[in-house]
Amino acid sequence: MEYLNHQVVVFVENWHKSRLRNHLLFWLINVLISVGINLVSGESMGVAFIEKMIYLFPQAVASYFLAYYEIPYLLLSRRFIAFALVFIASTYVLTVMYRFLVVYVSEPILYPDMLQDSISDILFNSEAIVGQYFLLLYITPLFFVLLKYTKDVFLLSRKLKRIQEEKSNAEIKFLKAQVHPHFLFNTLNNIYTLTLKKSPKAAPASHTLAEILKYMTISGAAGLSKLEDE
């Protein structure tokens, strides 16, 4: 299970590197889902596809403007009044654009006998703008923003974890660098004392010290080691 989780984390970390591919994949899936929903509701494949492709432009503009400007530069910067004003203005422009595409592009192609609303009605019919087109416009940007910031939070948490691990490793290496000279100095003093006393323990102690130094410089450099070696 731990291996599977690790592979998932590695996949997500590597997947985000190709931004163009990820964005194209998002919009492709969005188109397929929208067309599938319209097919279930009884529309033909051609009608569902044409409708989605016509409405895709204002939805894409709303998605990128919200995710890459309004939220990071206004909302997260605590410029709440500016965010509210920009959001209202951009929503009005994009919903009017959305309705204009419906009335003057989509309906003439798909339903040529349908009566068209006037320009003034498109511009000033607040009931249609707020009650109908607001949700149609922002349902896709909502998923876009949620997906983007979920990914950003995940990558940020992984980055912080790596920084913490690197910091811990650096601290351990620093402590080892401080401990090793003291250990070596004390051990050599002990061996020197044994030598002066002509103790039979001097030779084994020298051999043991040599083995320890060999392990520390060669075997220990690998990072992981066997418990019996430790």
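Visitor: Is Asp117 buried, partly exposed or exposed, and what is its relative accessible area?
Guide: The model is a predicted one. Buried means under 20% relative accessible area and exposed over 50%. Asp117 falls in between, so it is partly exposed, with a relative accessible area of 31%.

Visitor: Which residue forms a salt bridge with Asp117?
Guide: The closest N and O atoms of the pair are 2.9 Å apart, and the rule asks for a distance within 4 Å. The partner of Asp117 is Arg99.

Visitor: Which parts of the chain does the pair of Asp117 and Arg99 tie together, and how many residues apart are they in sequence?
Guide: Asp117 belongs to the loop between α4 (80–110) and α5 (119–124).

Visitor: Is Arg99 buried or exposed?
Guide: The cut-off for a buried residue is under 20%. Arg99 has a relative accessible area of 5%, and therefore counts as buried.

Visitor: Which residues are linked with Arg99 in a network of salt bridges?
Guide: Arg99 has a salt bridge with Asp117. The network also takes in a further aspartate, and the residues linked with Arg99 are Asp117 and Asp121.

Visitor: Where do Lys148 and Asp152 lie?
Guide: These two residues form a salt bridge, with the closest N and O atoms 2.8 Å apart. They are 4 residues apart, about one turn of the helix. Both lie in helix α6 (residues 126–196).

Visitor: The charged end of Lys148 sits over the ring of which residue?
Guide: Lys148 is buried, with a relative accessible area of 14%. The charged end is 4.4 Å from the centre of the ring, which belongs to Tyr149.

Visitor: How many aromatic pairs are there, and how are the planes of Phe87 and Tyr138 arranged?
Guide: The count comes to 16 aromatic pairs. Phe87 and Tyr138 are 5.3 Å apart, centre to centre, with 35 degrees between the planes. Planes under 30 degrees apart count as stacked and over 60 as edge-to-face, so this pair is tilted.

Visitor: How many residues apart are Phe87 and Tyr138?
Guide: The pair links distant parts of the chain. Phe87 is in helix α4 and Tyr138 in helix α6, at a separation of 51 residues.

Conventions
Residues numbered from 1 in each chain as written. Predicted model: local features only at pLDDT ≥ 70, side-chain atom pairs only at ≥ 80, totals over all residues. Heavy atoms only, no water. Salt bridge = Lys/Arg side-chain N within 4 Å of Asp/Glu carboxyl O. Helix = DSSP H or I, 4+ residues; strand = E, 2+ residues; numbered from the N terminus. Buried < 20%, exposed > 50% of the residue type's maximum accessible area, 1.4 Å probe, protein only. Phe/Tyr/Trp six-rings, centres within 6.5 Å; stacked < 30°, edge-to-face > 60°. Lys NZ or Arg CZ within 6 Å of the ring centre and 35° of its normal.
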